[in-house]
Amino acid sequence: MDTNILLENGTNELEVLEFQLGTNHYGINVAKIREILSYQPVTPIPNAHPCIEGIFMPRDSMITVINLRASLGLEPMEAEGLFIITNFNSLNVAFHVDEVCGIHRVSWGDIIRPDNTINGEDYGISTGVIKLEGRLVVILDFEKIVTDISPETGLRMSVLDEIETNTSRADTPILIAEDSPLLSKLITNCLKDAGYTHQILASNGQEAWDTIQNLYEEGTLDQKIHCVITDIEMPIMDGHRLTKLIKDDENLRHLPVVIFSSLVNDEMRRKGEALGADAQLTKPEIGILVESIDALMEKYHAHKELK
C-alpha cells in the first residue's frame, strides 16, 4: 500500500487505518499494511490454532488468515468482511475484519498510552488509543496477537544460547527506547545475558530524547550513553523522529543508533538510512542485535581514540 507518509522522514506522524469489529473501532499503522482485499474462502488447516481461519493464495504466496474477532474474544462473524494483509517481522498475515472506516493522519503525540490496568506485560494487546471525532479508536498490538498464536514468530531467544557472555561489554552503556513492557524486558534480559548490563530504559522516543539532552547539558553524555536502540512505533515520539533529532545535531550524531523494529521492511529501511540510522533489524533478529552492537562499538571506540 502506497502512502505519502512513507515519503517523509522524522515527522513524528503516522497514518492509521481505522476499521470495525461490530460496533468497536480499532486501528493499525498503515506502514504495516500491504493491501486490503474483499473476503474470499480460505482453506482450513487441521489442528491449527482456534484463531486461525485457514490459508489462501491471492497471488503466488500463501497467507495465513487470523480471525481478529476470535483473537479478541468477540462473537464470531459471518463469512464476509475484509482481509487486511499485513507485513511485519518479515511475515505476511491477513486479519479478517468487518469493515474499514478510513485512514487518518495523526501525530504520535496524540496517541494515548494505555496504563497497566489494561495493558500489562503478559496480557495487553493495545499499544495506544486515539480520540477521533468523539470516538475512541484502539490501536492493536498486532505483533503480540500473532506471537500469542505462534510464539516462534516472535523474538528468537534460542539463538542467544550461541552468544558468549563478554564481561567487557559491561563498559558499554546503552539507551533503549521501547514502549512494549514485554519486549523491553526481553531485550534488556538478552543484552544482560550477553554482558551488556549497563542500560538506561525509556518507554518512548521523547523520554529517550530528554535523557540524551539532560546528559549532554551535564557534560556526561559520552560517559553514560555509547549506543541507542530504538523501536519505531512509540507514543509521544517515534523512533524515526528520535533518530532524526540525534543525527541532525552535530554534537550528538556520533552516537550509534540501532533501529530494532517489526517494521523494518524495504521501504522503512530506506527511510531509516535517509535518517542516518547506523543499523536496522527486525525484531526476530535479536541474536544479530548483539552482533550489531559489538560491531558498532568497535567503530565507536576507534573513533573516540582517534579524537
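In β10, tyrosine 26 has valine 138 as its bridge partner. Helices (H or I, at least four residues) and strands (E, at least two) are DSSP runs, numbered from the N terminus.

This is a predicted model, in which local features need pLDDT of at least 70 and side-chain atom pairs count only at pLDDT 80 or more, while totals for chains, interfaces and linings use all residues. Residues are numbered from 1 along each chain as its sequence is written, and side-chain values use heavy atoms, with hydrogens and water left out.

**The mixed sheet**

- Take five strands in the order β3-β6-β7-β5-β4 and you have an open sheet with mixed pairing.
- At its edges are β3 (33-38) and β4 (52-56), each pairing on one side only.
- On average, neighbouring strands of this sheet are turned by 25° against each other, direction ignored; axes are lines fitted to C-alpha atoms, for helices over the stretch in contact, and angles run from 0 to 180 degrees between N-to-C directions.
- Inside the sheet, β5 (residues 63-67) and β7 (residues 91-97) run parallel and are joined by four bridges.
- Valine 65 has alanine 94 in β7 as its bridge partner.
- Helix α2 (residues 142-149) lies across β4, β5, β6 (82-88) and β7, and runs at about 100° to β7.

**The parallel sheet**

- Another open sheet has five strands in the order β12-β11-β13-β14-β15, and its pairing is parallel.
- β12 and β15 (279-281) stand at the edges with a single partner strand each, so one side of each has no neighbour in the sheet.
- Neighbouring strands of this sheet are turned by 15° against each other on average, direction ignored.
- β14 (residues 257-260) and β15 pair in the parallel sense over three bridges, and valine 258 stands opposite alanine 279 in β15.
- Helix α3 packs on this sheet, touching β11, β12, β13 (227-230) and β14, and its direction makes about 170° with that of β12; contact means heavy atoms within 4.5 Å.
- β11 (residues 174-177) and β12 (residues 199-202) pair in the parallel sense over four bridges, with leucine 201 in β12 as the bridge partner of isoleucine 176.
- Together, β11, α3 (residues 181-194) and β12 make a right-handed β-α-β unit (with the strands pointing away from the viewer, the path from the first strand over the helix to the second runs clockwise).

**Two helices side by side**

- The axes of α4 (residues 205-218) and α6 (residues 239-247) come within 9 Å and cross at roughly 20°.
- That makes α4 roughly parallel to α6 (angles under 35 degrees count as roughly parallel).
- Their crossing is right-handed, a term for a near helix turned clockwise from the far one by less than a right angle.
- Gly205, Ala208, Trp209 and Ile212 in α4 meet Leu242, Leu245 and Ile246 in α6.
- By class, this contact of α4 with α6 has six nonpolar, one polar and no charged residues (Ala, Val, Leu, Ile, Met, Phe, Trp, Tyr, Cys and Pro count as nonpolar, Asp, Glu, Lys and Arg as charged, and the others, Gly among them, as polar).

Conventions:
Angles under 35 degrees count as roughly parallel, over 145 as roughly antiparallel, 65 to 115 as roughly perpendicular and the rest as oblique. Two strands pair if DSSP finds at least two bridges between them.
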